[in-house]
Amino acid sequence: MGKGGLSPKTVADIRSILLQGISYARERKYPCAVDTKIFYPKTRQPNIDVLTKAEQKKLEQTLFQSSDPIRLGIMIALYGGLRIGEVCALQWGDFNYTAGTVRISKTLIRIKDLTRDSLKKTKVIIDKPKTEHSNRIIPLPSFLMEFMRQEAKGENCYVLTGTAEYVEPRLCLKQYKQVLEQAGLPSFTFHALRHTFATRCVENEFEIKALSEILGHSNVSTTLQRYVHPSIECKREQMERLEKLSVWGQDHGTENP
C-alpha cells in the first residue's frame, strides 16, 4: 500500500471477494451477519492530457530534427496508439513493409521478482500483450511506414535502440521527457500520445470500430469512454451543424464551408 492508501480498483476487488465469501457461507448455512452491505468505492476518471494540434506539430518538428532512436517509438505511439510497453518490445521484424503494417504481439514490463534466491526485487520480462485483443496488426500511415523503412535495422533489433538490447519503460519515459523539454512542451505522460492518437482519429471522422481494434480494445465503449477526447474545435464544428435546424439560423446564419 502506498502513501495514498488503496486504490478504488483494489478496494472494489477486495469487496467482491468478501461478498463471494459471504455468499458461500450462507449457502452452507454457516453463521454470518444478516446485513452484509459493503460500500462500493467511489471512482474517478483521471484527467488525461491530450496534445493540441499545435503542440503535436512542435513535437513532430523536434522528432524529425533528431537522430535518436527514441523518436521512432514516439512517432509510432503518436500515429499507431501503442502503449509504452508495446513500444519498448517492438522489433524491426514486426514490420511488414509490403503490407504497410506492424504486428503488436508482445509487451515489455518490469515486475516483482518472487524467485526465492533472487538478489533483485524486480525483473524485466517480455510477454504477450495486455489482453487477447491487444495482440493485433496495425496499418500505419504511408508516410510513417516509409520513414520506418529507411531507418530499419536487423529483424531481431529493437526499434528503440537499433540493437539486440532493449530499453525498458522507465528509461524510455526518461528519454521521452527529454524530447518534450527540447520541444518546449509540458510534461505529458507517454500515455497521452495514445490518447492524442485516438482524439485525432475521431476529429478526422475515423470509423470507431476500426479505431477500437487498432487500440486493442475488446469493445467500442472502452474506446469512447477512455480514449476519445474531442477538441473544442471539433465540438464547435458539431454544434454548428444544428444551424440548419433553426429558422433563425437559416435566415441569418453564414453558410459553412
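What share of the contacts in the protein with a separation of 6 or more is accounted for by residues 24 or more positions apart? Such residues account for 60% of these contacts, a contact being heavy atoms within 4.5 Å. The model is predicted, so local features need pLDDT of at least 70 and side-chain atom pairs count only at pLDDT 80 or more, while totals for chains, interfaces and linings use all residues. Residues are numbered from 1 along each chain as its sequence is written, and side-chain values use heavy atoms, with hydrogens and water left out.

The protein has eleven helices and five strands. Helices (H or I, at least four residues) and strands (E, at least two) are DSSP runs, numbered from the N terminus. Of the 257 residues in the protein, 36% are buried. Here buried means under 20% relative accessible area, exposed over 50%, and partly exposed in between, with a 1.4 Å probe and protein chains only.

The largest nonpolar core has 47 residues, and those with the most contacts inside it are Leu59, Ile74 and Phe95. A nonpolar core is a set of buried Ala, Val, Leu, Ile, Met, Phe, Trp, Tyr and Cys residues joined through side-chain atoms within 4.5 Å. At least two residues of this core come from each of α2, α3 (70–80), α4, β2, α5, α6, α7 (191–203) and α8 (208–215). Helix α3 gives the most, with seven residues. Leaving out residues up to four places away in sequence, Leu59 touches Leu51, Ile74, Leu78, Val179, Leu180, Ala183, Leu185 and Leu193.

Gln56 lies in helix α2 (residues 53–64). Gln56 counts as buried because its relative accessibility is 7%. Apart from neighbours within four places in sequence, Gln56 is in contact with Leu51, Leu78, Tyr79, Thr196 and Arg200. Leu51 and Leu78 are also among the residues that Leu59 touches.

An open sheet of three strands has the order β1-β2-β5, with antiparallel pairing. Its edge strands are β1 and β5, each of which pairs on one side only. Two strands are taken to pair if DSSP finds at least two bridges between them. Strand β1 (residues 95–96) and strand β2 (residues 101–104) run antiparallel and are joined by two bridges; across this pair, Asn96 stands opposite Thr101. The hairpin of β1 and β2 has four residues between the strands, and in this hairpin Gly100 takes a positive phi near 70 degrees. On the other pairing, β2 and strand β5 (residues 136–139) are antiparallel over four bridges. Ile104 stands opposite Arg136 in β5, and Ile138 is the bridge partner of Val102.

Asp94 is placed in the loop between α4 (84–89) and β1. Its relative accessibility is 14%, so Asp94 counts as buried. The side chain of Asp94 reaches the backbone nitrogen of Gln91 at 2.8 Å. Not counting residues up to four places away in sequence, Asp94 touches Ala89, Thr101, Val102, Arg103, Ser105 and Lys106.

Asn156 lies in the loop between α5 (142–151) and α6 (169–183). With a relative accessibility of 61%, Asn156 counts as exposed. Asn156 and Gly93 are 63 residues apart in sequence but 6.2 Å apart in space, C-alpha to C-alpha. Beyond its neighbours within four places in sequence, Asn156 is in contact with Gln91, Thr163 and Ala164.

In α8, Leu211, Ser212, Ile214 and Leu215 are buried. Seen down the axis of α8, the buried residues fall within an arc of 165 degrees, so they line one face of the helix; the arc is that of the directions from the helix axis to the C-beta atoms. Glu207 caps the N-terminal end of α8, with a side-chain oxygen 3.2 Å from the backbone nitrogen of Lys209. Just after α8, Gly216 takes a positive phi of about 85 degrees.

The structure holds zero disulfides, a disulfide being a pair of cysteine sulfur atoms within 2.5 Å. Cys157 is buried, with a relative accessible area of 17%, and Cys201 counts as buried at 7% relative accessibility.

Conventions: Polar contact = N/O pair within 3.5 Å; in protein donor to acceptor, adjacent residues only side chain to side chain.
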